Amino acid sequence: MNTRTLIVGNLGYIGPVLVDHLRKHRPETSLLGYDTGYFAGCLIDPFEATDRCVDVQVYKDVRDVGQEDLRGVDHVVYLAAISNDPMGNLYEKPTRDINAAAALRFALLARQCGARRFVYASSCSVYGAGGDVAKDEASALNPLTAYAKSKIEAEQELKALAHEDFFVTCLRFATACGASPRLRLDLVLNDFVASSLLKNEIEILSDGTPWRPLIDVQDMCRAMLWAMERNDAKAGAFLAVNVGHDDWNYTIKDLAHAVRDVVGNTRVSINASAAPDKRSYRVDFSLYNALASHGQARKSIETTIHELVRNIEDSDFRKQDFRNSHLIRLNTLSQLRRRNKLDADLRWVAPGKAA
């Protein structure tokens with residue numbers, strides 16, 4: 001059966017990988033892209049053009065979505081987000097509007113237009129300062145940042161829209177990592193691989209003890225496909241579930257050593273006198289692993305590191321000072337603001353007008 005899937009935020013880090021995954025596993029599906037284009041140019045290979053991989057590409061702010069954008073759509077995957085803590089802290093209102101309010105409007109319009117599945121990319125960061133005890137879905141929420149708060153706000157609002165004909169799945173992803181045409185180097189594992197490869201050094205600003213759960217972007221895509229197809233009555237029409245693998249809970253220092261062991265010729269430095277990092281949490285993924293038999297994580301951390309190395313080596317990207325590059329999302333937003341392309345609410349400025 002030919003279905004239509006709308007990927008909101010398809011021109012980010014995850015979107016191109018998801019499009020490729022769906023092309024392979026659901027070739028009969030028409031893929032529609034919807035993106036405002038903030039990061040459309042953040043390609044590690046300038047000759048890539050990932051928007052050509054969808055059947056239809058719409059360039060539009062998610063805050064301006066209308067019914068015309070949802071008609072005939074069967075599934076919606078909502079990836080759009082101001083997607084990390086530095087950006088969220090600097091742009092709190094747009095973060096809430098894009099990550100939560102716009103997601104709710106998309107879901108409401110999708111349900112009105114007859115869509116059957118809504119998949120929301122949430123985050124394990126909603127658990128905040130979790131310590132050494134692994135957090136499951138029944139654990140208390142303690143979002144510490146604007147980004148994390150926007151994710152849990154969206155979950156709570158989306159729950160009210162779910163019913164037996166409109167399944168809503170909020171995937172609380174572990175920290176993303178892995179290769180992508182729109183590679184991000186502001187993610188911890190990706191940063192470590194770039195540091196090791198381009199600088200022969202990994203500098204850890206904390207004492208290295210905080211915990212982070214991780215997930216390869218390809219395993220994220222397996223989870224999203226599962227969420228699009230799930231019919232498990234036991235899970236219910238609304239489901240918020242941790243997505244990752246128990247073996248991928250790492251301390252920061254162990255993650256750095258894993259990168260060094262694969263890449264080699266790398267010095268790891270740790271700031272032993274650093275103040276404790278409150279953003280430390282381990283996560284229990286047993287519910288997801290019980291529900292998603294064909295959505296399981298399949299990658300090893302070593303494979304992900306090798307793929308990241310190839311992702312960088314196969315490109316022309318050789319900037320040692322990569323933290324000042326376009327592969328850091330906050331840098332891209334800052335450049336767009338400085339060049340009067342975006343206003344303070346992160347809306348595109350019409351040519352000839354002041355931000």
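Q: Contact means heavy atoms within 4.5 Å; which residues of H1 meet which residues of H6?
A: In H1 they are Val17, Leu18, His21, Leu22 and His25, and in H6 they are Val217, Gln218, Cys221, Arg222, Met224, Leu225 and Met228. This is a predicted model, in which local features need pLDDT of at least 70 and side-chain atom pairs count only at pLDDT 80 or more, while totals for chains, interfaces and linings use all residues. Residues are numbered from 1 along each chain as its sequence is written, and side-chain values use heavy atoms, with hydrogens and water left out.

Q: What is the make-up by class of the contact of H1 with H6?
A: Eight residues are nonpolar, three polar and one charged. Ala, Val, Leu, Ile, Met, Phe, Trp, Tyr, Cys and Pro count as nonpolar, Asp, Glu, Lys and Arg as charged, and the others, Gly among them, as polar.

Q: What angle do the axes of H1 and H6 make, and why is H1 called oblique to H6?
A: The axes of H1 (residues 15-25) and H6 (residues 217-229) cross at roughly 55° and come within 9 Å. Angles under 35 degrees count as roughly parallel, over 145 as roughly antiparallel, 65 to 115 as roughly perpendicular and the rest as oblique. The angle of roughly 55° falls in the rest, so H1 is oblique to H6. Axes are lines fitted to C-alpha atoms, for helices over the stretch in contact, with angles from 0 to 180 degrees between N-to-C directions.

Q: What makes H5 oblique to H9?
A: Helix H5 (residues 188-199) packs against helix H9 (residues 301-313) at about 55°, with the axes 10 Å apart. That angle again belongs to the rest, so H5 is oblique to H9. Their contact includes Leu189 and Val193 of H5, and Ile301 and Thr304 of H9.

Q: Why is aspartate 216 called buried?
A: Buried means under 20% relative accessible area, exposed over 50%, and partly exposed in between (1.4 Å probe, protein chains only). Aspartate 216 has a relative accessible area of 1%, so it is buried.

Q: What makes the link between the side chains of aspartate 216 and lysine 299 a polar contact?
A: A polar contact is a pair of N or O atoms within 3.5 Å; within protein, one must be able to donate a hydrogen and the other to accept it, and residues adjacent in sequence count only if both atoms are side-chain atoms. The contact with lysine 299 is 3.3 Å. A polar contact of 2.6 Å joins the side chains of aspartate 216 and threonine 304.

Note on methods
Helices (H or I, at least four residues) and strands (E, at least two) are DSSP runs, numbered from the N terminus. Contact means heavy atoms within 4.5 Å.
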